[in-house]
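Open your viewer and get ready to select pieces of the chain. We will go stop by stop.

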Amino acid sequence: MITDEHLITALFDRLMQAWSDNDAIAYGACFTDDSDYVSYDGTRAVGRLPMQHAHDQLFRGVLAGSALVGGIESIRLVNRDVAVIHGTASVLMPWRSTLPKRRLSRQTLVAVRTPDGWRFTALHNGRVRPVDIPAPGSLPSRMAQATGRLANRLGIGRHAPTGHLGQGAGTR
């Protein structure tokens, strides 16, 4: 019996193969027309066609001959028509046989059931670069807390009396 998990895995595999074939049209076909795509650098493409165009440029330019390698870590069906997928997929350049550690990426994808089968409607890609979280009493934590107290006393930063966040406040 073919389950939704099998169909979603097949969609993920098609995505990987389309990249490895450097086929922007096949890559774009894995997405809904209104998809959201956030690249590892934070660039956001709204809609399949802008994302497909960007990948066409990449596949014919700096990523020519590259492959996408990785796999699915988890599939969680939110309901019968929506799934959240976590996977790894990193670009392997044609001159490499293994991925450099700095190239490891993790994706969060949202898949939806469409009349044409499962398609991705959102993808967010981020580099895997874990950082150690300093303990509350550690030197970095104490320094951050002291800097915050000083900023409050000086009336600068997010507690500054002028403006709103995102509109220039705290940029002095």
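**Stop 1: a pair of strands**

Select Phe 31 and find Phe 120 of β6 standing opposite. Now widen the selection to β1 (residues 31-38) and β6 (residues 117-127), which pair in the parallel sense over 4 bridges. Strands here are DSSP runs of E with at least two residues, helices are runs of H or I with at least four residues, and both are numbered from the N terminus. Two strands pair if DSSP finds at least two bridges between them. Another bridge to look for joins Tyr 37 to its partner Leu 123 in β6.

A word on the model before moving on. This is a predicted model, in which local features need pLDDT of at least 70 and side-chain atom pairs count only at pLDDT 80 or more, while totals for chains, interfaces and linings use all residues. Residues are numbered from 1 along each chain as its sequence is written, and side-chain values use heavy atoms, with hydrogens and water left out.

**Stop 2: the whole sheet**

Select the strands. How many strands form the open sheet, and in what order? There are 6, in the order β2-β1-β6-β5-β4-β3, and the pairing is mixed. Look at the edges: β2 (44-46) and β3 (67-79) each have a single partner strand, so one side of each is left without a neighbour in the sheet. Neighbouring strands are turned by 20° against each other on average, direction ignored. For such angles, axes are lines fitted to C-alpha atoms, for helices over the stretch in contact, and the angles run from 0 to 180 degrees between N-to-C directions.

**Stop 3: helices against the sheet**

Contact means heavy atoms within 4.5 Å.

Next, select helix α3 (residues 48-59). Helix α3 lies across β1 and β2, running at about 60° to β1.

**Stop 4: the antiparallel joins**

Go to β1 and β2. They run antiparallel and are joined by 3 bridges.

Jump to β3 and β4. These two form a hairpin with 2 residues between them. They run antiparallel, with 11 bridges joining them. Select Leu 68 to see Val 91 of β4 opposite.

Then step from β4 to β5. Here 7 bridges join strands that again run antiparallel. Which residue in β5 is the bridge partner of Thr 88? The partner is Arg 106. While you are there, note that β4 is mostly covered, with 8 of its 11 residues buried. Buried means under 20% relative accessible area, exposed means over 50%, and partly exposed lies in between (1.4 Å probe, protein chains only).

**Stop 5: two threonines**

Select Thr 114 in strand β5. Its side chain reaches the backbone oxygen of Gly 117 at 2.5 Å. Leaving aside neighbours within four places in sequence, Thr 114 is in contact with Thr 32 and Arg 119.

Now select Thr 121 in strand β6. Is Thr 121 buried or exposed? At 18% relative accessibility, Thr 121 counts as buried. Not counting residues up to four places away in sequence, Thr 121 touches several residues, including Asp 34, Val 110 and Val 112.

**Stop 6: loop and helix end**

Find Asn 22 in the loop between α1 and α2 (24-28). Phi of Asn 22 is near 55°, a positive value in a residue other than glycine. At 22% relative accessibility, Asn 22 counts as partly exposed.

**Stop 7: colour by confidence**

Colour by pLDDT, the predictor's confidence in each residue, from 0 to 100. The mean for the chain is 90, and 94% of its residues reach 70 or more. Among the elements, α2 has the highest mean pLDDT (98) and α4 the lowest (88). Finish at residues 168-172, where pLDDT stays under 50. Where pLDDT is low, the predicted coordinates should not be read in detail.

Notes
Polar contact = N/O pair within 3.5 Å; in protein donor to acceptor, adjacent residues only side chain to side chain.
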